[in-house]
Number of protein chains: 2
Amino acid sequence: MPTAAEKAESFRALHLASRPFVLPNAWDVASARLFEDAGFPAVATSSAGVMVSRGYPDGQEMPRRELVEVVSRIASRLSVPVSADVVAGYGRGPGGVVRTVRQMLDAGAIGINVEDHDPVRDRLFPLAVQLRKIRAVRELGTSVGLPIVINARTDALWKGPGTPEERFREAVRRCRGFRDAGADCVYPMRLTDAAQIESFVSNVEGPVNVMIRAGLPSLPDLERLGVRRISFGPAASYAALGFLRRACAEIRANGSFASLVDGAISFDELNQLARARPAPAG
Amino acid sequence: MPTAAEKAESFRALHLASRPFVLPNAWDVASARLFEDAGFPAVATSSAGVMVSRGYPDGQEMPRRELVEVVSRIASRLSVPVSADVVAGYGRGPGGVVRTVRQMLDAGAIGINVEDHDPVRDRLFPLAVQLRKIRAVRELGTSVGLPIVINARTDALWKGPGTPEERFREAVRRCRGFRDAGADCVYPMRLTDAAQIESFVSNVEGPVNVMIRAGLPSLPDLERLGVRRISFGPAASYAALGFLRRACAEIRANGSFASLVDGAISFDELNQLARARPAPAG
């Protein structure tokens, strides 16, 4: 088994490869192991997916220890690197965020997502505060000898003040700051338009993460636009629940169970998702 | 809000209605609330679904307190009656099973599934032992004033000794025993063939539960065959994970995200699944 540091390095290398990579966000062990089996080189968690699955809305209503517990369960069953979404880090300042990230490292994560939107007050943290948090997380990684992969998210495009143009400039400004403070990748939430993506990438001059949502260009197009990392975000939760809704509607409309039976995995396949993958022979 | 006793009575009444009912089995709050929103009159849990989602194989490796915790989370967010799968009840005899069921009632469940297959030794419990458990659960319900709905499952059709005909007769014998011991419904696992279902129903002379799986007749046919309750079992977990596997294959094959985007629910719809439904006006 690779060490945590080796996993962090191989995860970081994905951001610097010649082609972009797709990062699926899971919400439980079953979805995480399925993504691993599907061949993705790393798996992340989706805060919205995890939280709603446990009866909490997205944000920080769910206690931190529960979020850590879910990441720990997932990381204990996965062989590939795991990156944890910590929302805004469960802290107003660097101290709380570092405490959260330290717990995530102990849980087995080697990367984090941290955002600049304060879910308690529903507004952006000042950039200076956010930069202190990112520097503190980088210093934590150095102090424990783990080159943690930091994906720094800004919500300036949709939560920031001003015109769309002002919000775009603010998102670029923030992401350049995040990058200089030690982030490995930046993540402007709600960036989907091809021209905007291209402009953002060229302005930031570092790895950029976009999320799968309606209107996002296809993977080959994102590659041409210079995007490095394409994450599911909560898209797989949205899609799986949409699928289940259709299956229920089919049962209630005409008493057919085909949607639940056709293309389903088997009991044995489900059960295998509870265990770590067997180590490759040799 | 109806009391637990009222929920148990309304759930029991579904087994005695003129038409069969479909009971979806959830594995977390999101799936349970989605099933509720889809209009099902009650929701159950799937042990396999719950356990694998948390990194345990189906059986009783997952500690009882975790299974209870999941049921508690789900019941706290649902308005419809909740029935809990307790596997074999986490006990070799009536004492342990009663302890488990009592915890499930405290968690908000008003019905249970209990099976006669010993997951530790992988064989059927003697019928006499199973009957004592069912009587003890019925007595527990009486003593706490909650008319708990007992769905008694037998695995004799596929785990029992002998020829298929002998296993069928043993499953009928067990289910008649369960019924006489106080079960509200009996559940012969692996019963899917129409002729066998018809024979089983007429031999048992009480409500019979079948599970959705490949080969099960459609709902209108099951109604004609006299089935009262059709549960998802782990079918929704199998199907949702099969769906996700296809979505991942599509991304990896041609870089398209359509499966994750088309027909998905929205962020707001996901978030609403974390909360109880608003009480009807008036």
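Searching the whole structure turns up two cavities of 30 Å³ or more. Keep in mind that this is a predicted model.

Let's start with the largest cavity, which holds about 200 Å³ of space. It has 22 lining residues, and those closest to its centre are A:W27, A:D28, B:W27, B:D28 and B:A240. Which elements give two or more residues to this lining? In chain A they are α2 (29-37), α3 (47-53) and α11 (235-254), and in chain B they are α2 (29-37), α3 (47-53) and α11 (235-254). Sorted by class, the lining comes out as 12 nonpolar, eight polar and two charged residues.

Now for the second largest cavity, with about 120 Å³ of space. Here 14 residues make up the lining, and A:S53, A:R54, B:D28, B:S53 and B:R54 sit nearest the centre. The elements giving two or more residues to it are α4 of chain A and α4 (64-77) of chain B. Its lining splits into six nonpolar, two polar and six charged residues.

That brings us to α4 of chain A and its packing. The axes of α4 (residues 64-77) and α5 (residues 94-107), both of chain A, come within 8 Å and cross at roughly 30 degrees. Angles under 35 degrees count as roughly parallel, so that is how α4(A) and α5(A) run relative to each other. The crossing of α4(A) past α5(A) is right-handed. On the α4(A) side the contact is made by A:R64, A:L67, A:V68, A:V71, A:S72 and A:A75, which meet A:G96, A:R99, A:T100, A:Q103, A:M104 and A:A107 of α5(A). Those contact residues are six nonpolar, four polar and two charged.

Key:
Residues are numbered from 1 along each chain as its sequence is written. Chains are lettered from A and ligands numbered from 1 in the order in which they are written. This is a predicted model: local features need pLDDT of at least 70, side-chain atom pairs count only at pLDDT 80 or more; totals for chains, interfaces and linings use all residues. Side-chain values use heavy atoms; hydrogens and water are left out. Axes are lines fitted to C-alpha atoms, for helices over the stretch in contact, and angles run from 0 to 180 degrees between N-to-C directions. Helices (H or I, at least four residues) and strands (E, at least two) are DSSP runs, numbered from the N terminus. Angles under 35 degrees count as roughly parallel, over 145 as roughly antiparallel, 65 to 115 as roughly perpendicular and the rest as oblique. A crossing is left-handed if the near helix is turned anticlockwise from the far one by less than a right angle, and right-handed if clockwise. Contact means heavy atoms within 4.5 Å. Ala, Val, Leu, Ile, Met, Phe, Trp, Tyr, Cys and Pro count as nonpolar, Asp, Glu, Lys and Arg as charged, and the others, Gly among them, as polar. On a 1 Å grid over the protein atoms alone, a cavity is a set of points where a 1.4 Å probe fits but cannot get out, and a pocket is an open set with protein on both sides within 12 Å along at least five of seven lines; lining residues have an atom within 4 Å of a point. Grid points are joined across faces, edges and corners, and a volume is the space filled by probe spheres set on the points.
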